[in-house]
Amino acid sequence: MKNDLSFSADKLQPLMSDDFVFGVATSAYQIEGASRAGGRTDSVWDTFCRLNGSIAKSATGEAACDSYFRWRDDLELLVELGVGAYRFSISWSRILPDVSGALNQEGLDYYIGLADALRRRGIRPMVTLHHWDLPQYLQDKGGWQNRETAYGFADYAQAVAIGLGSSVDFYTTINEPWCIVSLGHRSGVHAPGLRDEEAANAVTHHLLLAHGLAIQALRDHAPRAQLGIVLNGGPSLPLSDSEADIDAAGLFESEQIHRYASPILRGEYPDEFVPPVGRYVQRGDLEIISEPCDYLGWNYYTRNVVRRGDNGSPEIVAADDYPQTDMGWEIYPDGLRQVCSVLQRNYDLPPLYVTENGAAFQDTLADNVVHDPERIRYIQQHLDVIADMIASGVDIRGYICWTLLDNFEWAEGYSKRFGLVHVDFDTQVRTMKDSGKAFAELNATKARLAAGCNERRTDAAR
Ligand code: FCB
């Protein structure tokens, strides 16, 4: 297997354009640790991790990658990777640690310092306001089931925008509402661990309302930033040609994609969600939710193979027609093209960013190196698809790889390694994997070409 990321000239060209950015992503709870430092209070994930049996090997994010304290080292890794953007999230309970709503300046200063340092190194900060770590004190009042949480989110967005303002190029309101709804409130495998269909309906609407209200607050206080939301999902394919499976796949697509994309991009819930979710809608909500976004972030990992389950609902089948990652997710790069064409067919889209894509494998560290050709191949295959999509006219402006560091992978704890950089969780030593080196080489090529273009432009202007 090859050990670099290389492209034919026609594929290289769109990826090397000035309008296309390469980056890496992380999220607060997955890397920061320092769960009690600097005035931070518990999030729902701190609480969930304490529940017996919720996380593999009873892991918690208490220490994670200790990035709250080691962020300067991690910044050097970003510089070594040569990325143009860093997507990270803010821990809400560091900024507003209790129910009084009083600002914790120390928490805000941490992110202001990080964003400023990134800019000084030429890396564009992409800030996610909510990557699943809802403050526990809000969960105690009903969490996302409570409409008030949406207004609280707008206050939090405003506090962040006033603090970080124009030092941030991109704000994302919410990461993957589908996961919060389906994994957090329906199957209960993520915090807050509920299995309650009615809760899932209320949470859907309140998350989307929170998104719209936050876009309004961000527009007022960070007018130069690009604003958007990050949704996720793959194409849904029926397990068989039976009508039952075809219907189930259609329903699942609607559940994962249109339940969120349609209110945001069209200002209406799809018909099938009007009775269950619609009862939480108040007058004016859908106008707020469909407040225009500057971009749409899409996280893509795999496809969904769907059958009609015994209870009549769509059921995801663990298909293995293609090689899988350590998560048991099929490697299916063309699914990215397929899901984007679903979006294009149904909506008038703003520019797209692939805000997460990456793979977990069982890496081994030996003699200070990690050979991870499968991860390089995964990234290569997805970038090939993206290059073709851009060439065929899809407006994709960036590829943000998941993730900078091996980190706390939610219910899987530390057992799944997605990083371009290996982390030894006993010592916190970081080691660039071969995939990180390959990504750095690609970014170096991009920088060289950009410098060459600038030189030519300057010569032409003389
Ligand atoms: C996404 C999450 C991200 C990470 C990857 C593997 O759904 O946004 O935090 O866990 O999956």
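Visitor: By class, what makes up the lining of the largest pocket?

Guide: That lining has 21 nonpolar, 13 polar and ten charged residues. Here Ala, Val, Leu, Ile, Met, Phe, Trp, Tyr, Cys and Pro count as nonpolar, Asp, Glu, Lys and Arg as charged, and the others, Gly among them, as polar. The model is a predicted one, in which local features need pLDDT of at least 70 and side-chain atom pairs pLDDT 80 or more, while totals for chains, interfaces and linings use all residues. Residues are numbered from 1 along each chain as its sequence is written, and side-chain values use heavy atoms, with hydrogens and water left out.

Visitor: Why is this space called a pocket, and which residues lie nearest its centre?

Guide: On a 1 Å grid over the protein atoms alone, a cavity is a set of points where a 1.4 Å probe fits but cannot get out, whereas a pocket is an open set with protein on both sides within 12 Å along at least five of seven lines. Lining residues have an atom within 4 Å of a point; for the largest pocket there are 44 of them, and Trp-178, Leu-183, Gln-256, Asn-304 and Trp-329 lie nearest its centre. Its volume is about 1,100 Å³, volume being the space filled by probe spheres set on grid points joined across faces, edges and corners.

Visitor: How do you know where the ligand sits?

Guide: A molecule sits in a pocket if more than half of its atoms lie within 2 Å of the grid points. The space taken by the ligand is the largest pocket.

Visitor: Which residues are around the ligand?

Guide: Among them are Gln-30, His-131, Trp-132, Asn-175, Glu-176 and Tyr-301, a residue being near if one of its heavy atoms lies within 4 Å. By class, this shell has five nonpolar, three polar and three charged residues.

Visitor: How much of the ligand does the protein bury?

Guide: The protein buries 95% of the 290 Å² that the ligand exposes when taken alone, as given by the Shrake-Rupley method with a 1.4 Å probe.
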